[in-house]
Amino acid sequence: MAAVQLGLLHFGLPAWPCPLLSALGVPCPGCGLSRAVTALLHGEWRSALTWHAFAPFLLAALVLITGMAFLPEAARRRGIDAVARFERRTRVTALLLLALMAYWLVRLLVFRGTFIDSTLS
């Protein structure tokens with residue numbers, strides 16, 4: 001689904017709107033990520049980081065998942081096991097989730113007007 005969303009944005013087609021923004025008028029923690037990843041893919045780092053600071057993490061995860069999907073079964077299993085060990089040792093998933101929520105709250109509470117205006121454009 002992420003690839004479809006990015007493809008729609010890449011070709012200038014209407015993409016799926018944020019359900020939280022549509023229903024409640026409040027941007028979700030991921031608002032701006034699709035546009036940010038699209039900007040990254042075009043080499044526009046500054047623009048990407050302006051849209052959403054977590055875009056490089058999302059792009060890296062998508063590359064990792066896509067790359068592992070094309071590996072032979074044995075290599076894919078080893079890769080999955082290595083990622084699982086890394087996650088258990090570092091708790092990187094929980095740390096990124098906490099950081100994402102903190103980032104969202106700062107954007108929502110401190111930069112509210114700018115954040116909401118940027119999600120509506």
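**View 1. The largest pocket.** The largest pocket of this predicted model holds about 580 Å³ of space. A pocket here is an open set of points on a 1 Å grid over the protein atoms alone, reached by a 1.4 Å probe, with protein on both sides within 12 Å along at least five of seven lines; its volume is the space filled by probe spheres set on the points, which are joined across faces, edges and corners. The lining consists of 16 residues (those with an atom within 4 Å of a point), and F57, L58, A61, T93 and L96 are the closest to the pocket centre. Two or more lining residues come from each of helix 5 (55-69), helix 6 (73-90) and helix 7 (92-109). Helix 5 gives the largest share, six residues. By class, 14 of the lining residues are nonpolar, one is polar and one is charged. Nonpolar covers Ala, Val, Leu, Ile, Met, Phe, Trp, Tyr, Cys and Pro, charged covers Asp, Glu, Lys and Arg, and the others, Gly among them, are polar.

**View 2. The whole fold, for orientation.** Step back for a moment, and the protein shows eight helices and zero strands, giving the pattern α-α-α-α-α-α-α-α along the sequence. Helices (H or I, at least four residues) and strands (E, at least two) are DSSP runs numbered from the N terminus. Along the principal axes, the C-alpha atoms fill a box of roughly 50 × 35 × 30 Å. The protein exposes about 8100 Å², with 72% of that area supplied by carbon and sulfur atoms; areas come from the Shrake-Rupley method with a 1.4 Å probe, and for residues only the protein chains shown count as cover. Of the 121 residues, 24% are buried, where buried means under 20% relative accessible area, exposed over 50%, and partly exposed in between. Among contacts (heavy atoms within 4.5 Å) with a separation of 6 or more, 47% join residues 24 or more positions apart.

**View 3. H52 and its neighbours.** Zoom in on the loop between helix 4 (45-51) and helix 5, and you will find H52. H52 is buried, with a relative accessible area of 0%. Leaving aside residues up to four places away in sequence, H52 touches P29, G30, C31, G32, L33, A36, L100, Y103 and R107.

**View 4. Helix 3 and what follows.** Helix 3 spans residues 33-41, and its buried residues include L33, A36, V37, T38, A39 and L40. V37 and H52 are 15 residues apart in sequence, with their C-alpha atoms 8.5 Å apart in space. After helix 3 comes G43, with a positive phi near 80°.

**View 5. R91, between two helices.** The loop between helix 6 and helix 7 holds R91. R91 has a positive phi, near 55°, in a residue other than glycine. At 47% relative accessibility, R91 is partly exposed.

View 6. A3 belongs to helix 1 and is exposed, at 62% relative accessible area. P14 sits in the loop between helix 1 (2-10) and helix 2 (19-24) and is exposed, at 72%. From P14 to R107 the C-alpha distance is 25 Å, for a sequence separation of 93 residues.

**Notes for all views.** Residues are numbered from 1 along each chain as its sequence is written, and side-chain values use heavy atoms, with hydrogens and water left out. In this predicted model, local features need pLDDT of at least 70 and side-chain atom pairs count only at pLDDT 80 or more, while totals for chains, interfaces and linings use all residues.

Conventions. Buried means under 20% relative accessible area, exposed over 50%, partly exposed in between (1.4 Å probe, protein chains only).
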